[in-house]
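Reader: Could you walk me through the charged side-chain pairs in this one? I'd like a close look at who pairs with whom and how buried the partners are.

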Amino acid sequence: MNDVTKATGTQLVKRGLAEMLKGGVIMDVVDPAQARIAEDAGASAVMALERVPADIRRDGGVARMSDPEMIEGIKEAVTIPVMAKARIGHFAEAQILQSLGVDYVDESEVLTPADEAHHIDKWAFTVPFVCGATNLGEALRRISEGACMIRSKGEAGTGNIVEAVRHLRSIIGDIRKVTQADEAELFDWAKRLQSPLPLVQEVAETGELPVPMFCAGGIATPADASLVMQLGAQAVFVGSGIFKSDDPAPRARAIVEATTNFADPAMLSKVSRGLGDAMPGLELGSLETRLADRGW
Amino acid sequence: MKVGVLALQGAFARHAQVLVALGAAPVEVRCPVDLADVDAMVLPGGESTTMSMLLDSSGLRQPVADRLAKGMPTFGTCAGMILLATRLADGRYDQRSFGAIDLDVRRNGYGRQIDSFEKDLVVAGLDETFHGVFIRAPVVDRVGDDVEVLATVDEAPVLCLQGTVMVSSFHPEMSGDTRIHARFLDLAFDH
C-alpha cells in the first residue's frame, strides 16, 4: 500500500483491533479443525499454536513459535482474526509472524523466554502486540514498549482461575489507588511501579490502562469468564480450557455466551448446564514451573 | 432519545460514550426486552460472525429485523455494516444479514490487520474532513440505486445512507469526533 494518505500500523489502528475484540472470547487452537469449531462457537479470534499450555506444561522442554505452515493453515480455515505467539524478547519470531500476516502477536510467557532482560521493541512493528502482566507496573512497562493490549497472565494450562483473579485484582486495585494519588505521589508511584511517569499520570487521569485489558490463564468454565469480566476484564482468552475439556464445541459456545451476559446469573445458569467435565485442574502448589514469573 | 447499542460483542462501549457526549441516552441491548423502548439503534464494530451467532442465541435476530422493517433509525459501523447489508461475500456459509441497506459487502476487503489504516475523508455535508479509522474493514462491492454514498476511499463507498439506515466501513467512534454520530441522531430525530 503506497498511498501516502493512508497510515498503517498506527497506535490507533493497533489499539483499535483490541477495541473490536472486547466482550469476546479468544480461543487457543492447534489445527484448522479446532479453529473452525472455535469460529462456529462464536470466538472473536483464535490463537494459533502447536500445543495448548496444558500440553506445554506436561511435555516440558523449550516451547517456541509455531510452524508457519500450521499458522497459515489456520489463517485459511477461518475469517476471524488469527493471533500467534512469539517468545519473550524473540523479535525474529515476531518478524516472521508479521510477515505471515497474523493479526496480533502475543509475546507470551507460555513459550520459553528468549531474552532474560529485554522484551521485544514492539514500536518497530506494524502488527500489534498483546503482552501478559501480573501487576500494574508490568502492564505499563509492556505498554511503554509498544504493547496495544494487555492480558492479565493468570497461570496458563492449570484450569485454575486463582492466579488470574490475583493479577486482575492487583492491576485494577492499583489503578484505583493511583487515581486517588496527588501529583507529588505520582512520582513515587512511577518509582514503585518501575514504570514511565507519563503513563502513570495517564492512568491517574483516566482511571484505566491506556490500552484494552483482557484476562487469560486458567479460565475453564462460563462462571470463570463471568467472574473475570465482573472484576473488570474487557474480554477473555481461553487456552486449554476448551479443547482439554470433555466436549469442546458446546463449552466454547457457553463461554462465549457467558462473556456477553457476564452480569446475568440466570443466563449464566442456563448456559452452564450439561457441558460435561471441564479440563482437569491443577493446584498451584503442585506446579514445577510458574509461567507467570516469566517477563520483566 | 434512547439509542440501543447492540452489546453482544465489540466496541459498543465506545459508541455509548459518543452518544452520551451528544446528549442521547444509550441502552445496552443484549436480549429482546432491552429493545422495547429504544427509538434508534447502533450496531457496533466487532466480529460479525460472533455477533451473528449471539443474535440467534439471544433471540434478538427477529425482534431487530422487525424493528428495522418498521423503519427504526439504525447506524452500523464495520461489523454492523456487514450485519445490515443485503449480500455478503467472503463471510461464513451460515452467516445471515438483515438486508436493511441495499449493499453488497466483502468481509476484510482491505486485507488483514497489517493493512488496517487511518485516512482523512471528505464527507458529503461536513465542512471539514473526517478522520476515518479502518480496522480489517469490509469493502462495498455494489451499491443499490436508492443508496446515497456520503464518502469514498479509492472510489469504494465507505459511508452510505438509505432511508433511516446509515452504515460506515470505518469507526467514527474511534476518532474522537462526534460529527457522524450527530448526523445519525439528526436523522433519528427527524424520523
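Author: Quick ground rule before we start: a salt bridge here is a side-chain nitrogen of Lys or Arg within 4 Å of a carboxyl oxygen of Asp or Glu. Keep in mind that this is a predicted model. With that cut-off, A:Arg166 and A:Glu163 pair up, their closest N and O atoms sitting 2.6 Å apart.

Elsewhere, salt bridges with shared partners tie A:Arg51, A:Asp55, A:Arg58, A:Asp59 and A:Lys244 into one network.

Next comes A:Arg151, which forms a salt bridge with A:Glu109 at 3.0 Å, N to O. This pair connects distant parts of the chain, 42 residues apart: A:Arg151 is in strand E7 (residues 149–152) of chain A, and A:Glu109 is in the loop between strand E5 (104–108) and strand E6 (129–133). Both A:Arg151 and A:Glu109 are buried.

Then there's A:Glu19 with A:Lys22, another salt bridge, with 3.1 Å between the closest N and O atoms. A:Glu19 has 6% relative accessibility, so it counts as buried; A:Lys22 comes in at 15% and is buried too.

For the overall tally, searching the whole structure turns up 34 salt bridges over all chains.

Methods
Residues numbered from 1 in each chain as written. Chains lettered and ligands numbered in written order. Predicted model: local features only at pLDDT ≥ 70, side-chain atom pairs only at ≥ 80, totals over all residues. Heavy atoms only, no water. Buried < 20%, exposed > 50% of the residue type's maximum accessible area, 1.4 Å probe, protein only. Helix = DSSP H or I, 4+ residues; strand = E, 2+ residues; numbered from the N terminus.
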